[in-house]
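I opened this notebook to record how the parts of one structure meet. The entries follow the order in which I looked things up.

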Amino acid sequence: MSNPSSEPNNPQNAWQSQPTEGVRMSIAEVQARASAFQTKISRRNLREYAAAAIVVLFFGYRFAYTADPFIRGGMALIIAGTCYVVWQLHIRGAAREIPKEAGLSSFIDFQRQQLIRQRDMLTNLWSWYLGPLLPGMVVLMVAVGHATAGRVPHAWLLTVIYLGIVTAVFGAIDRLNKRAARRLQRQIDELDAASR
Amino acid sequence: MPDEPSPISPSPGISSPVNLSPAPIARAQAARDSRFEEALDLYGPALERLARAWEADADTRRDLLQEVHIALWRSLEAFDGRCSLRTWVYRVAHNTAASHVAREMRLKQREFIGIEDLAQVPDQGPSQTGNQDQLAILYTMIHQLKPLDRQVMLAYLEGLDAASTAEITGLSASNVATKIHRIKHLLAQRMNKAATPQTRDPRPQTPSTQNGGPQ
């Protein structure tokens, strides 16, 4: 490591001699903050689980009091899909904090791993997020259309409109995430080019 | 900062995690804590400068510095002496800070540029060359740079040689040398321009053009 030159206009001099506040965390503070950070992550996870629990409880309650097996099948699929998505969020969310091995990887390697993980999450959105939720929603909507046909005017037309809306929303989410994945891929390509 | 990092041996009890009874665990934790203290003694000011370089907002910067300290403390559990403590500290700090900036980029839709493109960006630095003004020029440049180039510039400013910078960033030493050459050239241009009175921009400065340094 070289010492900054004694030249007055040397930028290394200016940089290294700038006053610092001497911020220093004690071991106890670090431990407390690390623990608080874990609590924060746990609470965030809990909020996700709570939202999923509301969905599961709602459809679970309706499941218990609905006789139509077709509608019950749709609800069961929604509950199963929601549980699967929460499990996936739990697994994939594990990388939210900086791993202990961060000092073993150079920036390019570390950043590349992170970007690939995020890109794969976005690219495979259908397999772990949209896909598991869709069957239950489609079955439920068709089942409700079937059950109300003859009693509600234009029941099938309404079903088709609802299905169209769901398809459009899921399609838009997929397109947005694929665009984000392409942006991440460009960053990965840049890192690959830089490391050559 | 010291010129050469002290030779580091693996922490006792860390490299052989099998059958750890309470006493070796306590020793390993004590070794991690003492390594952490040593890292802050040696590189604490550099970590502060690094946080300033990665984050302009004062409140967020404080959070980032804490995040770096916590990540460093946690990571030292895995420190096995395969690289110097200095390399380890810089890697953890830069990886943590870059992840922070990546989050900010996603939230604020910010775009950064490479060293090669920085020469094309109009200089918004101050018009004199006191120490504070040099710093303002440096921060203006740093805050515009992409994470990888930002690391190279910071490593240069901290006085790290090309080989150490390559070890931290993952770039080849020759690639680092090329980037440092460009940085030096650009810095000389900006500093000289600021030092030459006739090249000053006669337009009145707006708050945004005066605000090149840390917030």
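**Entry 1: a helix pair**

I looked up helix α2 (residues 27-64) of chain A and α2(B), and found that they pack at an angle of about 100°, with their axes 10 Å apart. Helices are DSSP runs of H or I with at least four residues, numbered from the N terminus. Axes are lines fitted to C-alpha atoms, for helices over the stretch in contact, and angles run from 0 to 180 degrees between N-to-C directions. I therefore noted α2(A) as roughly perpendicular to α2(B), a term for angles of 65 to 115 degrees.

I then listed the contact residues: Val30(A), Arg33(A), Ala34(A) and Phe37(A) of α2(A), with Gln66(B), His69(B), Ile70(B), Trp73(B) and Arg74(B) of α2(B). Two residues are in contact if their C-beta atoms, placed from the backbone, lie within 7 Å. I sorted the residues of this contact into 5 nonpolar, 2 polar and 2 charged. Ala, Val, Leu, Ile, Met, Phe, Trp, Tyr, Cys and Pro count as nonpolar, Asp, Glu, Lys and Arg as charged, and the others, Gly among them, as polar.

**Entry 2: model and numbering**

I noted that this is a predicted model, in which local features need pLDDT of at least 70, side-chain atom pairs count only at pLDDT 80 or more, and totals for chains, interfaces and linings use all residues. Residues are numbered from 1 along each chain as its sequence is written, while chains are lettered from A and ligands numbered from 1 in the order in which they are written.

**Entry 3: the chain contact**

I recorded 50 residues from chain B and 37 residues from chain A in the contact. The side of chain B that touches chain A has 22 nonpolar, 17 polar and 11 charged residues.

Terms used: Helices (H or I, at least four residues) and strands (E, at least two) are DSSP runs, numbered from the N terminus. Angles under 35 degrees count as roughly parallel, over 145 as roughly antiparallel, 65 to 115 as roughly perpendicular and the rest as oblique.
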